[in-house]
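Subject: Structure handover

Hello,

The structure is below, with the sequence. Notes on what was found in it follow.

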Amino acid sequence: MAETNKPKIFNITLLRHGESVGNAESRWQGQSDFPLTDRGRKQAQALAERWKREKMKFDFVISSPLSRARETAEIIAAKLGLTVDFEPLWLERDNGEFAGLTQHEVRNNFSHPDFTTPYDAVGNNGEGDWELFLLAGQAFHDLLKREPARYLIVSHGGLLNQVMHAVVGIVPQANNAGTRFRFSNTAFAQLLYFPHQHRWAIDKLNDHIHWLDAE
């Protein structure tokens, strides 16, 4: 088969932002706009330097516009000589009245039912797991409408978790049961999608070995 006629694939890297002030203070961040901590910036810089050494290539960088994701994306893009497109579809979950509160505040100031379904709101009026699953599907579907290429997506743990659920075909479960995909700060997953076969390959998950260079 001629080189120009080979089927094209999507090479997608899903990256969670670096440590934010909200992370460091154990807050329910949601769409509250917390910046990176100094440690978060070091994590992003360490990853950028790692990818520079590894000659990692991206054609497009797409980021949530929230500060913690935006700054992470900009640090990496600057090191790799790329530009960043900001896309609100990759925002974190709206967690309603929990937004910006510490875990202690949420635990002590709100009622917590013994049983919840994926359709229940988070934070009284925020987006529940099913809604977040649908939003993740929308963001991912929008990405797959683009041309096959090498994409870096910089987003948030909650949304990226539901993207992975969509890839492997697992819907949200009641009481937060079932499978979860870990995305530590500046950890990433690498996926390949072969559209001519509708076949996925997961090459990496929660890769954060660059942390050794960020401490």
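Glu74 sits in helix 3 (residues 67-80); helices here are DSSP runs of H or I of at least four residues, strands are runs of E of at least two, and both are numbered from the N terminus. This is a predicted model, in which local features need pLDDT of at least 70 and side-chain atom pairs count only at pLDDT 80 or more, while totals for chains, interfaces and linings use all residues. Residues are numbered from 1 along each chain as its sequence is written, and side-chain values use heavy atoms, with hydrogens and water left out.

Glu74 is partly exposed, at 37% relative accessibility (buried is under 20% relative accessible area, exposed over 50%, partly exposed in between; 1.4 Å probe, protein chains only). Not counting residues up to four places away in sequence, Glu74 touches Val84 and Phe86 (contact means heavy atoms within 4.5 Å).

Asn185 lies 111 residues from Glu74 in sequence and 16 Å from it in space, C-alpha to C-alpha. Asn185 belongs to the loop between helix 6 and strand 5 and is buried, with a relative accessible area of 11%. Its contacts, leaving aside neighbours within four places in sequence, include Arg16, Gln43 and Trp211.

On the nonpolar cores (buried Ala, Val, Leu, Ile, Met, Phe, Trp, Tyr and Cys residues joined through side-chain atoms within 4.5 Å): the largest has 23 residues, of which Ile12, Leu14, Trp90, Phe140 and Leu143 touch the most other members. Another core, of 15 residues, lies apart from it and includes Trp51 and Leu152.

Regards
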